[in-house]
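Keep the picture at hand as you read.

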Amino acid sequence: MEPVDTDVTGQEDHDDGTSSGTPAPAGSVDAPTLAELLLAVEELWPESLAENWDEVGLVAGHPSAPVSKVMFAVDPTLEVIDEAVEWGAELLITHHPLLLKGVTSVAATTAKGRAVHRLIEAGTALLTVHTNGDSAVGGVSDVLADALGLQDVAPLSLAANGLPEEGIGRVGDLADAMSLGDFAARVFGILPSVAGGVRVSGDKDGLVRRIAVCGGAGDSLFDEVRATNADVYVTADLRHHPASEAREAALNGRPYLVDVSHFASEWLWLPAAAAALGNVLADQGHDVEIRVSTTNSDPWDFILTPG
């Protein structure tokens, strides 16, 4: 599965080019200002759900500027920014922050400085929806859990300022038990194609049903995963020592580990997020074109394996 060019509006398009629902009266829809669009984003992914170490919200952009095109992406890389600018997006929404750590300069002599200059000079605003997008209902791990067919889903770690269904990671059950090998193949099949593929630790023939997931890097949640009695933990960026220690601490070999690409695990959220924002804006009477970036920002280009 490759990242696809996903255009999203507030209504569902049919093959004949028509839209579902009742057409809005002429003149009743318009492009919102950036400030109005930020209110719609806040409704879906409240900043109060962000972790205290995180930096979310508006990075660049004038609140009074009109926004008729929005692009979603995982990373605010220069290639992604160029794609947004060339398409004519007035707003780029990325999952990962551009300025997570403090900087003392945004001169165009640095990569981050060039990104800031490109955005401002093109009139493209940048908005970060990071751990608030992880914790919210319909967020990154919710989408991953849904794609894997999990039922009775709950957070792994409750949000400090959220509802009982909000928080980091998710845990749920498959409708029927399956082998670890078949489950890993299911994981591989739902993710965008990236060089790193999917790595698995555990008995290939072992039966699994209770599944914990965390889009992005989730090796800080092993205690929470073990507390749920999950058979498998699906997350990204598993480092040698946390993975090794998790295997040593496992009860009857569980939880098994499925390690995926950070980019791929979070890319799944983009089409769902674009659709959700499109629906909110359409309900508010705004006409905005929304697209998912087609840029693969996974940092790895190829991998060598034995055999």
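## Pockets, a cavity and packed helices

Strand S9 is the element that gives the most to the lining of the largest pocket, with four residues. Before going further, please note that this is a predicted model.

**The open spaces**

A probe the size of a water molecule, rolled over the atoms, shows where empty space is left. The table lists what was found here.

| Space | Volume | Nonpolar residues in lining | Polar residues in lining | Charged residues in lining |
|---|---|---|---|---|
| Largest pocket | about 590 Å³ | 14 nonpolar | 11 polar | five charged |
| Second largest pocket | about 460 Å³ | nine nonpolar | six polar | five charged |
| Largest cavity | about 60 Å³ | six nonpolar | two polar | no charged |

Which residues lie nearest the centre of the largest pocket? They are His96, Pro97, Leu100, His130 and His262, out of 30 lining residues. Several elements each supply at least two residues of this lining: helix H3 (111–122), helix H4 (131–135), strand S6 (151–158), strand S9 (207–217) and helix H9 (262–267).

Now move to the second largest pocket, with its volume of about 460 Å³. It is lined by 20 residues, and those closest to its centre are Asp237, Val260, Ser261, Asp298 and Trp300. Strand S11 (256–260) and H9 each supply at least two residues of this lining. If you colour H9 in your viewer, you will meet it in the linings of the largest pocket and of the second largest pocket.

**A cavity**

How many cavities of 30 Å³ or more does a search of the whole structure find? The search finds one. The residues that line the largest cavity are Phe188, Leu191, Pro192, Ser193, Val194, Gly197, Val198 and Ala264. By class, six of these are nonpolar and two are polar, with no charged residue.

**Helices that pack together**

On the H2 side of the contact you will find Leu78, Ile81, Asp82 and Val85, which meet Ala111, Arg114, Ala115, Arg118, Leu119 and Ala122 in H3. The contact of H2 with H3 has seven nonpolar and three charged residues, and no polar ones. H3 is also one of the elements that supply at least two residues to the lining of the largest pocket.

A second pair is helix H1 (residues 34–44) and helix H10 (residues 269–283), whose axes come within 10 Å and cross at roughly 125°. H1 and H10 are therefore oblique to each other, and their crossing is right-handed. Leu37, Ala40, Val41, Glu43 and Leu44 in H1 meet Ala276, Leu277, Val280 and Leu281 in H10. The contact of H1 with H10 brings together eight nonpolar residues and one charged residue, with no polar ones.

**Two details of the backbone**

Where is Asp237 placed? Asp237 is in the loop between strand S10 (232–236) and H8. Although Asp237 is not a glycine, it has a positive phi of about 60°.

Pro255 is found in the loop between helix H8 (240–249) and S11. S11 itself is one of the elements that each supply at least two residues of the lining of the second largest pocket.

Notes
Residues are numbered from 1 along each chain as its sequence is written. This is a predicted model: local features need pLDDT of at least 70, side-chain atom pairs count only at pLDDT 80 or more; totals for chains, interfaces and linings use all residues. Side-chain values use heavy atoms; hydrogens and water are left out. Axes are lines fitted to C-alpha atoms, for helices over the stretch in contact, and angles run from 0 to 180 degrees between N-to-C directions. Angles under 35 degrees count as roughly parallel, over 145 as roughly antiparallel, 65 to 115 as roughly perpendicular and the rest as oblique. A crossing is left-handed if the near helix is turned anticlockwise from the far one by less than a right angle, and right-handed if clockwise. Contact means heavy atoms within 4.5 Å. Ala, Val, Leu, Ile, Met, Phe, Trp, Tyr, Cys and Pro count as nonpolar, Asp, Glu, Lys and Arg as charged, and the others, Gly among them, as polar. On a 1 Å grid over the protein atoms alone, a cavity is a set of points where a 1.4 Å probe fits but cannot get out, and a pocket is an open set with protein on both sides within 12 Å along at least five of seven lines; lining residues have an atom within 4 Å of a point. Grid points are joined across faces, edges and corners, and a volume is the space filled by probe spheres set on the points.
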